[in-house]
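Dear colleague,

Please find the structure below, together with its sequence. My notes on what was found in it follow directly after.

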Amino acid sequence: MTSAGRTATNSEATGSATLTASMGTRQDSGGDECPFCLIAAGRTDTEVLLSDDELLCFCDVKPGVAHHYLVVTAMHIDSCKALRREHVALVERMVAMGRSVLEKNKVNMNDVSRMGFHLPPFTSVPHLHLHALSPASTMCVKSQLRYGPRSHWFITVISILLSGFSHPLVAK
Ligand SMILES: [Zn+2]
Ligand SMILES: [Zn+2]
């Protein structure tokens with residue numbers, strides 16, 4: 001595995017041409033600067049709540065509601081803009097892990113939960129991560145801006161799956 005194709009962390013803000021080049025190659029480090037790669041590599045003291053061969057889950061450091069978890073890929077993927085049709089199953093597994101962690105933490109599943117991705121350049125960390133939040137009804141105004149239904153930066157899994165990954169904001 002080489003670092004070829006891996007670009008500066010701000011690449012997602014400047015264009016997606018290089019993203020596909022980096023897809024599918026396991027980035028063992030994702031660069032020392034990528035905090036989620038460090039967590040995936042077990043090099044932080046972040047408590048990993050759930051994990052399997054390809055995904056892991058931990059608490060968001062700045063929770064927007066009482067329950068706010070992140071599901072990330074162990075492999076470095078820059079953002080949801082790099083997702084293609086072949087990633088549908090991966091996204092579904094991310095959602096399944098998001099549901100599992102909510103259930104494990106005794107979240108009332110009758111409360112509305114929100115799951116989704118931030119669009120570059122509004123990603124706080126340029127490593128693919130699914131936000132799982134609940135209960136959505138208690139989001140403050142600031143959280144609504146970041147994760148709410150009217151946020152232009154937050155696209156839900158439903159919309160991304162329904163679009164077949166041809167969401168106008170996702171496709172280049
Ligand atoms: Zn990373
Ligand atoms: Zn985010």
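Buried residues account for 33% of the 172 residues in the protein. Please note that this is a predicted model. The protein contains 6 helices and 6 strands, and from the N terminus on these elements run α-α-α-β-β-β-α-β-β-α-β-α. Among contacts with a separation of 6 or more, 64% join residues 24 or more positions apart.

The largest nonpolar core comprises 34 residues, of which Leu55, Cys57, Leu70, Val71, Val72, Leu130 and Ala132 touch the most other members. Two or more residues each come from helix H3 (35-40), strand E2 (55-59), strand E3 (67-73), helix H4 (88-104), strand E4 (114-118), strand E5 (129-134) and helix H6 (157-162). The most is given by H4, with 5 residues. As for Cys57, its contacts beyond four places away in sequence are Val48, Leu49, Leu50, Ser51, Tyr69, Leu70, Val71, Met97 and Val101.

In E5, 6 of its 6 residues are buried. In a regular strand, side chains alternate between the two faces of the sheet. On one side of E5 lie His129, His131 and Leu133, on the other Leu130, Ala132 and Ser134, and all are buried, leaving both faces covered.

E5 pairs with E3 in the antiparallel sense over 6 bridges, and Leu70 has His131 of E5 as its bridge partner. E4 is also joined to E5, by 3 bridges and running antiparallel; here Leu133 of E5 is the bridge partner of Arg114.

With kind regards

Conventions:
Residues numbered from 1 in each chain as written. Chains lettered and ligands numbered in written order. Predicted model: local features only at pLDDT ≥ 70, side-chain atom pairs only at ≥ 80, totals over all residues. Core = buried A, V, L, I, M, F, W, Y, C linked by C-beta atoms within 7 Å. Buried ≥ 20, exposed ≤ 12 C-beta atoms within 10 Å, placed from the backbone. Helix = DSSP H or I, 4+ residues; strand = E, 2+ residues; numbered from the N terminus. Contact = placed C-beta atoms within 7 Å. Pairing = 2+ DSSP bridges.
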